[in-house]
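Trainee: Could you take me through the helices of this model, one piece at a time? I'd like a close look at how they sit against their neighbours.

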Amino acid sequence: MSAVLAGVKEIREQVDRARQRQTGLFKQTTVLFVDEIHRFNKAQQDALLPHVERGTVVLIGATTENPSFEVNAALLSRCKVLVLESHAEADLRALLDRAMNDQVRGLSTLGVDLADEASVALLGAACGDARTALNTLEVAARAVAAQGRDIIDVSDIEEAVQRPIIRYDKAGDQHYRVVSAFIKSLRGSDPDAALHYMVRMLEAGEDPLFVLRRMVIFASEDIGNADPEALRVAVAATEAFRLMGMPEGALPMTQCATYLACAPKSNAVIVAYKDARKDVLANPGLGVPKHIINAPTPLDRSLGAGRGYKYPHEFAGHYVPDHYLPDELRGRRYYHPSDQGYEREVAQRLERWRAQRDAVAPSDD
């Protein structure tokens with residue numbers, strides 16, 4: 001059955017037939033093949049689960065999507081996932097040769113041949129998809145035959161394809177793979193690879209603002225204070241794109257991607273956030289040291305709020321060693337600057353400040 005057309009009613013009908021075969025004279029097992037199984041919603045997939053568990057049917061589901069995202073975990077855990085990879089170039093070439101030479105179901109009767117250069121172009125456009133390769137070949141072959149020619153050349157393939165068929169889907173597995181490759185290329189300081197994946201997404205119809213949002217995130221997550229300018233560049237590129245649109249908007253995007261790839265890297269920001277959040281969640285009831293509590297009223301001041309606070313701007317270098325964390329977390333370190341870019345200078349400054357702060361005894365607060 002096709003999941004595009006079927007629902008719970010059709011599932012029940014097939015299961016009833018399977019149960020009759022199973023308990024009938026010949027004790028037959030039923031294989032239920034569901035095409036495009038990712039089209040079934042949660043309720044429809046749940047309807048299959050008990051019958052798969054009991055062995056009423058042997059389920060085979062086909063999907064072009066990643067089953068980890070599209071198939072219920074309970075159903076997926078009872079299945080074996082077989083990944084059908086794209087066809088290798090040699091396999092596609094064999095299919096094209098068979099199509100050209102088959103006199104019954106193929107294109108042999110058209111009296112045309114496929115030039116070697118055209119074959120290479122067709123294989124590149126197909127991206128490992130046999131159906132795409134065969135459909136493109138048939139369109140090109142019939143067009144050439146109609147023109148009274150006998151050789152399919154590169155221009156005929158380009159005409160049949162109309163535009164490059166980029167292997168990418170905006171919501172499926174290829175989306176996540178290409179986006180991941182883009183981020184890893186930025187993180188790996190490879191501007192050429194980063195641009196390849198960025199352009200691949202844009203040419204396949206991805207929303208440019210999605211790509212820009214990923215770069216804004218990256219500027220903080222993977223660069224941070226190693227180059228504070230990175231975040232400004234990413235935000236500016238986003239605003240420039242909103243002002244310009246495509247195709248000119250691809251220019252600030254390219255500028256941003258190359259800047260991020262070539263910038264010094266540090267993940268100290270995200271590590272600091274995760275560590276601080278972990279302590280906050282583990283200690284939800286912590287207070288604030290009295291000397292840094294705001295004291296707007298006489299009552300607050302009489303209770304000791306703000307007493308002993310040292311105003312940093314009144315001291316040399318606009319810094320005075322003091323303690324600001326809750327007493328239970330005193331001495332905790334979340335931010336660990338790297339030795340990359342501007343963060344190297346931050347690390348030196350912070351190390352000096354922390355050493356002075358650690359020398360201040362609790363009684364000095």
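Mentor: Happy to! Let's begin with helix 16, whose buried residues are Glu 343, Val 346, Leu 350 and Arg 354. Keep in mind that this is a predicted model. Looking down the axis of helix 16, you find these buried residues within an arc of 60°, so they line one face of the helix. What they pack against is helix 14 (268–282).

Now turn to helix 1, where Ile 11, Val 15 and Ala 18 are buried. Viewed down the axis of helix 1, its buried residues also fall within an arc of 60°, so they line one face of the helix. On the other side of helix 1 you'll see Lys 9, Arg 12 and Gln 20, which are exposed. The buried residues of helix 1 pack against strand 1 (30–35), helix 2 (42–54) and strand 2 (57–62).

Finally, here is a helix pair. Helix 10 (residues 191–203) and helix 13 (residues 250–262) pack at an angle of about 145°, and their axes are 9 Å apart. Their crossing is right-handed. From helix 10, Pro 191, Leu 195, Met 198 and Leu 202 meet Met 253, Thr 254, Ala 257, Thr 258, Ala 261 and Cys 262 of helix 13. Sorted by type, the residues of this contact are eight nonpolar, two polar and no charged.

Definitions and conventions. Residues numbered from 1 in each chain as written. Predicted model: local features only at pLDDT ≥ 70, side-chain atom pairs only at ≥ 80, totals over all residues. Heavy atoms only, no water. Buried < 20%, exposed > 50% of the residue type's maximum accessible area, 1.4 Å probe, protein only. Helix = DSSP H or I, 4+ residues; strand = E, 2+ residues; numbered from the N terminus. Arc of directions from axis to C-beta. Contact = heavy atoms within 4.5 Å. Axes fitted to C-alpha atoms, helices over the stretch in contact; angles between N-to-C directions. Left-handed = near helix turned anticlockwise from the far one by under 90°. Nonpolar A, V, L, I, M, F, W, Y, C, P; charged D, E, K, R; others polar.
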